[in-house]
Amino acid sequence: MKILNIIRFSAIGCILVISSILLIDRWFSDQASSRIFDNTQATPARSIGLVLGTSKYIAKSLNPYYQYRIDAALQLYQEGKVNILLLSGDNAHRSYNEPWTMKRDLLRSGIPEQDIVLDYAGFRTLDSVVRAKSVFDANHFVIITQRFHCERALFIADRNQIDAICLSVPEPKGLAGLKIRTREVLARIKALIDVYILDMKPKFAGPKEPIEKEPIELEGPNLPT
């Protein structure tokens with residue numbers, strides 16, 4: 001009987017934990033929905049586009065997460081929706097440099113070098129989003145990444161009093177997409193802990209390097225009144 005009670009309470013505990021995780025995941029999606037746009041035409045203009053870095057290749061194959069972000073950044077710039085692209089990512093060692101890789105591909109696509117800024121200390125989403133304002137003085141910007149990543153990035157932006165919106169780019173489906181989405185659920189739990197319990201800050205604060213030009217006429221949500 002004692003063993004049955006242990007099993008019963010363990011099952012109830014598991015159900016409560018899983019339910020809480022799913023509720024948190026759903027809440028992340030809901031709190032960001034009004035600030036996420038699914039195409040460049042619908043995306044309000046911002047002076048700066050923040051492209052969140054990821055590896056260009058997985059093994060020897062082109063990473064579609066990377067390519068979709070680069071394509072969207074290029075399209076936003078060409079449509080006049082942003083006038084500076086801030087490329088933020090990991091610079092782990094000489095052979096792995098996310099910001100420089102993005103810059104190289106955007107230069108090849110015709111983006112002028114003076115309109116590209118690199119943040120080599122975007123080691124994780126929190127660093128990239130917070131440093132955009134604290135280091136680069138970006139007050140109104142559009143984040144460019146996949147929707148699930150948008151939702152977490154906008155949570156971080158909101159909790160740091162940052163006016164940001166997000167352009168949601170396509171993401172792979174199938175098993176690869178499922179693995180990434182499952183990992184994202186855990187990343188959201190960590191984001192809650194980082195923001196509300198640990199009060200995490202970027203690894204490198206860095207000196208101020210303002211980059212914002214005279215802004216494009218702003219439109220859309222989250223504008224100061």
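Analyst: One term to start with: rings of Phe, Tyr and Trp (its six-membered ring) pair if their centres lie within 6.5 Å. Keep in mind that this is a predicted model.
User: Okay. Which residues form one aromatic cluster?
Analyst: Trp27, Phe28, Phe155 and Tyr196.
User: And how many aromatic pairs does a search of the whole structure find?
Analyst: Six aromatic pairs.
User: How is a pair of aromatic rings described?
Analyst: By the distance of the centres and the angle of the planes.
User: Take Trp27 and Phe155, then. What are the distance and the angle?
Analyst: Their ring centres are 5.8 Å apart and the planes stand at 75°. Planes over 60 degrees apart count as edge-to-face, so this pair is edge-to-face.
User: Which helices do Trp27 and Phe155 lie in?
Analyst: Trp27 is in helix α1, residues 2-32, and Phe155 is in helix α5, residues 147-159. The pair therefore ties together parts that are 128 residues apart in sequence.
User: Is Phe155 buried or exposed?
Analyst: Phe155 is buried, at 0% relative accessibility. Trp27 has 36% and counts as partly exposed.
User: New topic: the sheet. What is the strand order?
Analyst: β1-β8-β7-β2-β5-β6. The six strands form an open sheet, and the pairing is parallel.
User: Which strands stand at the edges?
Analyst: β1 (36-37) and β6 (116-119). Each has a single partner strand, so one side of each is left without a neighbour in the sheet.
User: How many bridges join β2 to β7?
Analyst: Four, between β2 (residues 48-52) and β7 (residues 140-146). Val51 has Ile144 in β7 as its bridge partner.
User: Which strands does helix α4 lie across?
Analyst: Helix α4, residues 125-134, lies across β2, β5 (84-88), β6 and β7. Its direction is at about 165° to β2.
User: Now α6. How many residues has it?
Analyst: Helix α6 has 25 residues, 174-198. From first C-alpha to last it reaches 35 Å, close to the 36 Å expected at 1.5 Å a residue.
User: Which residues of α6 are buried?
Analyst: Gly177, Glu184, Val185, Arg188, Ala191, Leu192, Asp194 and Val195. What covers them includes α1, α2 (64-78), α4 and α5.
User: What comes just after α6?
Analyst: Asp199, with a positive phi of about 50°.
User: Last one. Where does the charged end of Lys203 sit?
Analyst: Over the ring of Phe123, 5.2 Å from the ring's centre.

How values were computed. Residues numbered from 1 in each chain as written. Predicted model: local features only at pLDDT ≥ 70, side-chain atom pairs only at ≥ 80, totals over all residues. Heavy atoms only, no water. Phe/Tyr/Trp six-rings, centres within 6.5 Å; stacked < 30°, edge-to-face > 60°. Helix = DSSP H or I, 4+ residues; strand = E, 2+ residues; numbered from the N terminus. Buried < 20%, exposed > 50% of the residue type's maximum accessible area, 1.4 Å probe, protein only. Lys NZ or Arg CZ within 6 Å of the ring centre and 35° of its normal. Pairing = 2+ DSSP bridges. Contact = heavy atoms within 4.5 Å. Axes fitted to C-alpha atoms, helices over the stretch in contact; angles between N-to-C directions. Expected span 1.5 Å × (residues − 1).
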